Amino acid sequence: MNDPYRQFLEGKVKLDQGHGFDVDMGEINPHLKPHTRAIVKWALGGGRRAIFAAFGLHKTATQIEIMRLLGRHRPGRVRLIVMPLGMRTEFPREAEQRFRGEYQVDLRFIRRNTEIGDDRTIYLTNYESIREGILDPTGFDTSLDEASVLRGFGGTKTFREFMRLFEHQPTYRWVATATPSPNDYVELLAYAAFLGVMDVGQAKTRFFKRNSEKADQLTIHPHKEREFWLWVSSWAIFLQKPSDLGFSDEGYELPPLDVRWHEIPSDHSAAGTEKDGQHRLLKNTSIGVQDAAREKRESLPARVQKLLEIRAEAPAEHRIIWHDLEDERRAIEAAVPGITTVYGSQDLEEREEAVRAFADGEIAELAAKPVMLGSGNNFQRHCSREVFLGIGFKFNDFIHAIYRVQRFGQTQPVRIDLIYTEAERDVRRRLEEKWARDNELRERMAEIIRSYGLNQAAISAELTRAIGVDRTEATGDGYCLVRNDNIPETRAMAADSVDLIVTSLPFSNQYEYSPNYADFGHTDDNAHFWAQMDFLIPELYRVLKPGRVACIHVKDRITPSGISGMGFQVVTPFSDETVAAFRKHGFGFLSRVTVVTDVVRENNQTYRLGWSEQ
């Protein structure tokens with residue numbers, strides 16, 4: 001169909017634009033696993049894509065091969081892989097094992113631009129070097145390994161710096177991380193923004209309901225959930241195991257996970273008081289941050305004692321001990337003589353050497369914070385035990401820490417010991433709830449991958465089906481009601497046949513009423529909205545009798561500081577844009593009636609927009 005309006009609607013389907021190039025399967029390193037080779041071809045075809053593969057599915061080898069083939073097809077470009085601290089030895093180890101003969105690669109770790117030599121080398125660096133301005137990657141083709149560092153996008157220096165450096169760069173770029181928590185929609189939007197797929201604000205409006213009381217707490221619209229996951233699948237691959245892509249799972253069976261919770265009694269005599277002075281009967285860390293921190297401090301000796309009891313069961317076992325506080329680290333060092341620890345103020349070279357030695361089995365016990373070593377590191381070769389000295393509410397750090405040892409390639413049953421206090425039962429409950437929800441959503445993503453594989457055309461076809469409306473009509477004495485897309489409906493109406501037009505516009509992309517792409521609220525921004533209205537307004541002008549009135553209800557919009565780019569929120573005069581749009585197509589402006597509403601009261605109390613709220 002050559003109808004310009006239909007073409008406009010089809011253009012709303014925002015899929016991966018395909019910035020890459022095609023490679024033949026015969027060019028791809030045959031020493032790689034079949035599923036890895038398929039992902040390499042898909043990733044290069046997109047040019048900007050996300051590789052979300054479960055722990056142990058060879059993301060390291062995938063990125064090396066992407067960069068090797070990129071150098072072959074696009075010579076003269078600087079290729080850079082960015083990784084967390086502690087990962088420096090993983091890439092050379094993988095290259096030595098899987099890139100031999102004609103597929104051999106030259107990897108070199110750098111911290112500064114002056115260390116860059118010829119374009120035959122694949123360069124490696126840490127996030128810290130870029131974040132602190134030591135190395136400038138402008139113009140580099142880049143893959144972010146363990147890209148979950150971007151997940152706190154709005155408030156983290158890492159995300160802001162990487163967006164500043166890459167946002168308008170015509171470069172190839174990829175993100176690779178173990179399957180991100182599907183609970184964390186904000187993390188997925190951060191990846192989409194970095195890859196240039198869709199702006200964060202636009203994605204929030206398109207798919208989510210917002211919580212007016214808590215920023216970035218998003219709830220997906222029920223009618224948009226499948227569309228959202230199909231959209232994600234257009235630029236990202238979620239892979240739980242090779243069979244999701246139709247390959248054999250031989251060698252990819254995870255060992256059993258033995259989770260043991262150890263509850264320590266709390267001292268309720270120090271439960272504290274409420275704000276009104278009322279004494280509490282029992283401690284409860286869900287009351288507030290200060291109470292939770294106090295419980296951590298007061299229970300530290302008992303938790304360390306439980307740690308020693310757990311260690312005594314198998315003193316020779318290799319294990320990693322997770323903690324969150326510096327006081328906990330010092331307590332571990334005092335209780336376990338000779339243990340190796342890593343911490344923030346430590347020399348980077350010393351820290352990386354400690355991580356390498358533990359990964360290679362040269363030392364038996366390592367203590368660290370999940371926020372530091374919970375991503376990227378592979379400890380499964382010599383370690384099958386973890387002890388959490390305490391628990392908290394950060395599920396993402398928690399689950400990634402577990403998967404340092406419970407991953408493909410692990411040959412032993414994995415035992416996880418979690419120490420918590422009686423007052424932290426609510427923390428445990430929330431962790432277990434998030435864990436169950438995480439497993440549920442991962443299975444949902446796996447189902448989409450099993451259905452569509454890496455077939456972008458099939459995903460595109462699925463998303464473009466929801467265009468247009470089946471016309472229905474109801475008539476009676478003195479009325480005729482029609483359900484249809486406004487534009488084809490008004491096109492079929494006779495000229496000068498309408499006495500009055502009354503409508504409330506969707507206020508650009510502020511409200512989206514249905515999953516249908518014909519929905520006027522399903523637009524990127526104001527300009528995109530008015531582009532669709534340019535199909536409707538001329539028809540409204542044509543069918544309205546001369547001298548009659550069109551009453552248009554709209555409201556001016558508040559644009560947050562992060563979107564305005566001005567450092568403060570501004571008012572977008574949407575009513576003025578409405579006047580201009582209708583005048584452009586022949587209407588004359590008669591008057592404006594302003595209705596004042598109390599937004600704070602609406603949000604906090606009533607959620608009503610009635611005149612009674614005046």
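Reply: Gladly, and please keep in mind that this is a predicted model. A place to begin is helix α18 (residues 526-543) and helix α20 (residues 574-584), whose axes come within 9 Å and cross at roughly 40 degrees.

Me: Why are α18 and α20 called oblique to each other?

Reply: Angles under 35 degrees count as roughly parallel and 65 to 115 as roughly perpendicular, while the axes of α18 and α20 cross at roughly 40 degrees. The two helices are therefore oblique to each other, and α18 passes α20 in a right-handed crossing.

Me: Which residues in α18 and α20 meet?

Reply: From α18 the residues are N526, F529, W530, M533, D534, I537 and L540, and they meet F574, E577, T578, A581, F582 and K584 in α20. Sorted by class, this contact has 8 nonpolar, 2 polar and 3 charged residues.

Me: How do the axes of α9 and α15 cross?

Reply: Helix α9 (residues 225-233) and helix α15 (residues 425-452) have axes that come within 11 Å and cross at roughly 65 degrees, and their crossing is right-handed. E225, R226, W229, L230 and S233 in α9 meet L441, R444, M445, E447, I448 and Y452 in α15, and the residues of this contact divide into 6 nonpolar, 1 polar and 4 charged.

Me: What makes β3 and β9 the edges of their sheet?

Reply: The sheet is an open one of 7 strands in the order β3-β4-β2-β5-β6-β1-β9, and the pairing is parallel. Because β3 (106-109) and β9 (236-239) each have a single partner strand, one side of each is left without a neighbour in the sheet. Neighbouring strands of this sheet are turned by 20 degrees against each other on average, with direction ignored.

Me: How do you know that β3 and β4 pair?

Reply: Two strands pair if at least two bridges are found between them, and 4 bridges join β3 to strand β4 (residues 121-126), the two running parallel. Within this pair, D106 stands opposite T121 in β4.

Me: Which helix packs on this sheet, and which strands are touched?

Reply: Helix α3 (residues 59-73) packs on the sheet, touching β1 (48-53), β2 (79-83), β3, β4, β5 (141-145) and β6 (173-177), and the direction of α3 makes about 165 degrees with that of β2.

Me: What makes β10 and β12 the edges of the sheet of 6 strands?

Reply: That open sheet has the order β10-β15-β14-β11-β13-β12, with parallel pairing. Since β10 (257-264) and β12 (340-341) each have a single partner strand, one side of each is left without a neighbour in the sheet.

Me: How do you know that β14 pairs with β11 and with β15?

Reply: At least two bridges are needed for a pair; strand β11 (residues 319-322) and β14 have 4 bridges in the parallel sense, and β14 and strand β15 (residues 414-421) likewise pair in the parallel sense over 4 bridges. In β14, V387 is the bridge partner of I321, while in β15 the bridge partner of F388 is L418. Strand β11 is also joined by 4 bridges to strand β13 (residues 365-368), running parallel, and there A368 is the bridge partner of W322.

Me: Why are both faces of β14 called covered?

Reply: A residue counts as buried when its relative accessible area is under 20%. In strand β14 (residues 385-388), R385 and V387 on one side and E386 and F388 on the other are all buried, and with that both faces are covered.

Key. Residues are numbered from 1 along each chain as its sequence is written. This is a predicted model: local features need pLDDT of at least 70, side-chain atom pairs count only at pLDDT 80 or more; totals for chains, interfaces and linings use all residues. Side-chain values use heavy atoms; hydrogens and water are left out. Axes are lines fitted to C-alpha atoms, for helices over the stretch in contact, and angles run from 0 to 180 degrees between N-to-C directions. Angles under 35 degrees count as roughly parallel, over 145 as roughly antiparallel, 65 to 115 as roughly perpendicular and the rest as oblique. A crossing is left-handed if the near helix is turned anticlockwise from the far one by less than a right angle, and right-handed if clockwise. Contact means heavy atoms within 4.5 Å. Ala, Val, Leu, Ile, Met, Phe, Trp, Tyr, Cys and Pro count as nonpolar, Asp, Glu, Lys and Arg as charged, and the others, Gly among them, as polar. Buried means under 20% relative accessible area, exposed over 50%, partly exposed in between (1.4 Å probe, protein chains only).
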